[in-house]
Amino acid sequence: SNTVDWLVSYCGDANGDNRVDLRDLSAVLLAFAAVGRLPEDLTGDLLVGLDDVSTVLVNFTRTGQ
């Protein structure tokens, strides 16, 4: 069975370190326009695009609980 961690996708933590920072923004920007199931695809639409960048920016500096 597959498990999806929606908390990571929601908060913009693309690298899984429990915080949203420059590393996440860099990862999303480096993967921009890539397609497929990628950690940088924060919206789950199989495309790393502006929505994913926006997710990081909206949640920038937030940390997990």
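Analyst: This is a predicted model, in which local features need pLDDT of at least 70 and side-chain atom pairs count only at pLDDT 80 or more, while totals for chains, interfaces and linings use all residues. Residues are numbered from 1 along each chain as its sequence is written, and side-chain values use heavy atoms, with hydrogens and water left out.

User: In what order do the elements of the protein run from the N terminus on?

Analyst: Helices (H or I, at least four residues) and strands (E, at least two) are DSSP runs, numbered from the N terminus. The protein has 3 helices and 0 strands. The order of its elements is α-α-α.

User: Which residues of helix 2 are buried, and which helix do they pack against?

Analyst: Buried means under 20% relative accessible area, exposed over 50%, and partly exposed in between (1.4 Å probe, protein chains only). In helix 2, which spans residues 22-30, the buried residues are D24, L25, A27 and V28. Viewed down the axis, they fall within an arc of 160° (taken from the directions from the helix axis to the C-beta atoms), so they line one face of the helix. By contact, meaning heavy atoms within 4.5 Å, the buried residues of helix 2 pack against helix 3 (50-58).

User: Why do the buried residues of helix 3 line one face of the helix?

Analyst: The buried residues of helix 3 are D52, V53, T55 and V56. On the other side of this helix, L50 and V58 are exposed. The buried residues line one face because, seen down the axis of helix 3, they fall within an arc of 155°.

User: How far from D41 is the nearest side chain of opposite charge?

Analyst: D41 is found in the loop between helix 2 and helix 3. Lys and Arg count as positive and Asp and Glu as negative, with His and the chain ends not counted. D41 is buried yet has no salt bridge, a term for a side-chain nitrogen of Lys or Arg within 4 Å of a carboxyl oxygen of Asp or Glu. The nearest oppositely charged side chain is that of R37, at 7.2 Å.

User: Which backbone nitrogen does the side chain of D41 reach at 2.7 Å?

Analyst: A polar contact is a pair of N or O atoms within 3.5 Å; within protein, one must be able to donate a hydrogen and the other to accept it, and residues adjacent in sequence count only if both atoms are side-chain atoms. A polar atom of the D41 side chain lies 3.3 Å from the backbone nitrogen of D45. At 2.7 Å, the side chain of D41 reaches the backbone nitrogen of L46.
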